[in-house]
Amino acid sequence: MEQKKLAAIEKVIFLKSVDIFSHATIEALGRVAALTEDVHFEPRSTIYRQGEPVDAIYLVLKGRVAIEENGQVIRELGEKQAFGTVPALDRNPAIHTVKAIDPVYALKLNAQDFDDILSLDFELVRVVFRVLCQIIRAG
């Protein structure tokens with residue numbers, strides 16, 4: 001699945017559409033965008049497994065992924081959604097396995113790079129914290 005890499009401004013626009021970054025400033029999103037890497041996954045490929053460390057947050061541009069727990073699909077995520085956020089931030093092993101359903105094109109944000117940005121931008125910390133609280137309340 002060959003896909004043209006996104007330009008920096010396209011990444012910023014995309015990041016603004018993802019829940020975890022929807023209230024972030026354009027400046028903060030520019031810093032985040034600069035650290036992302038375009039990644040592709042073929043259908044049925046495993047992105048990470050339950051019990052493994054997760055070193056990145058993934059932001060889905062195209063395609064869908066299955067979130068599995070003990071071999072059972074518990075939900076699907078698709079375009080403009082993020083996964084891997086909690087295990088990447090808390091550095092604990094993944095509690096789910098994530099597999100591509102379709103060809104997936106995503107942006108990968110290394111957890112350490114994200115930590116570094118958060119250490120310099122308190123407003124971004126507040127934005128991410130609010131979204132994580134919403135996820136916890138909904139979950």
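## Close-up views

**View 1. Arg91 sits in a loop.** At 42% relative accessibility, Arg91 counts as partly exposed, because that label covers values in between buried (under 20% relative accessible area) and exposed (over 50%), worked out with a 1.4 Å probe on protein chains only. The model is a predicted one: local features need pLDDT of at least 70 and side-chain atom pairs need 80 or more, while totals for chains, interfaces and linings use all residues. Residues are numbered from 1 along each chain as its sequence is written, and side-chain values use heavy atoms, with hydrogens and water left out. The loop holding Arg91 runs between helix H3 (85–90) and strand S7 (97–100). Helices (H or I, at least four residues) and strands (E, at least two) are DSSP runs, numbered from the N terminus. Phi of Arg91 is near 60 degrees, a positive value in a residue other than glycine.

**View 2. Lys80 is another loop residue with a positive phi.** Look for Lys80 in the loop that links strand S5 (72–77) to strand S6 (82–83). Phi of Lys80 is near 70 degrees, and Lys80 isn't a glycine. Lys80 has a relative accessible area of 47%, so Lys80 is partly exposed.

**View 3. Helices H1 and H2 pack against each other.** Two packed helices are described by the angle between their axes and the distance between the axes. H1 (residues 8–17) and H2 (residues 26–34) pack at about 115 degrees, with axes 9 Å apart. The axes are lines fitted to C-alpha atoms over the stretch in contact, and the angle, from 0 to 180 degrees, is taken between N-to-C directions. From H1 come Ala8, Lys11, Val12, Leu15 and Lys16, and they meet Ile26, Leu29, Gly30, Val32 and Ala33 of H2; contact here means heavy atoms within 4.5 Å. By class, that makes seven nonpolar, one polar and two charged residues. Nonpolar covers Ala, Val, Leu, Ile, Met, Phe, Trp, Tyr, Cys and Pro; charged covers Asp, Glu, Lys and Arg; the others, Gly among them, are polar.

**View 4. Leu15 belongs to the largest nonpolar core.** A nonpolar core is a set of buried Ala, Val, Leu, Ile, Met, Phe, Trp, Tyr and Cys residues joined through side-chain atoms within 4.5 Å. Beyond its neighbours within four places in sequence, Leu15 is in contact with Phe21, Ser22, Leu29, Val32, Ala33, Leu59 and Leu107.

**View 5. Lys11 and Asp38 meet through their side chains.** Lys11 comes from helix H1 and Asp38 from strand S1 (residues 36–41). Buried or exposed, which is Lys11? Lys11 is buried, with a relative accessible area of 9%, and Asp38 is buried as well, at 11%. Their side chains make a polar contact of 3.5 Å. That term means a pair of N or O atoms within 3.5 Å; within protein, one must be able to donate a hydrogen and the other to accept it, and residues adjacent in sequence count only if both atoms are side-chain atoms. The side chain of Lys11 also joins that of Thr36 at 3.2 Å, while the side chain of Asp38 has a 2.4 Å polar contact with that of Tyr105.
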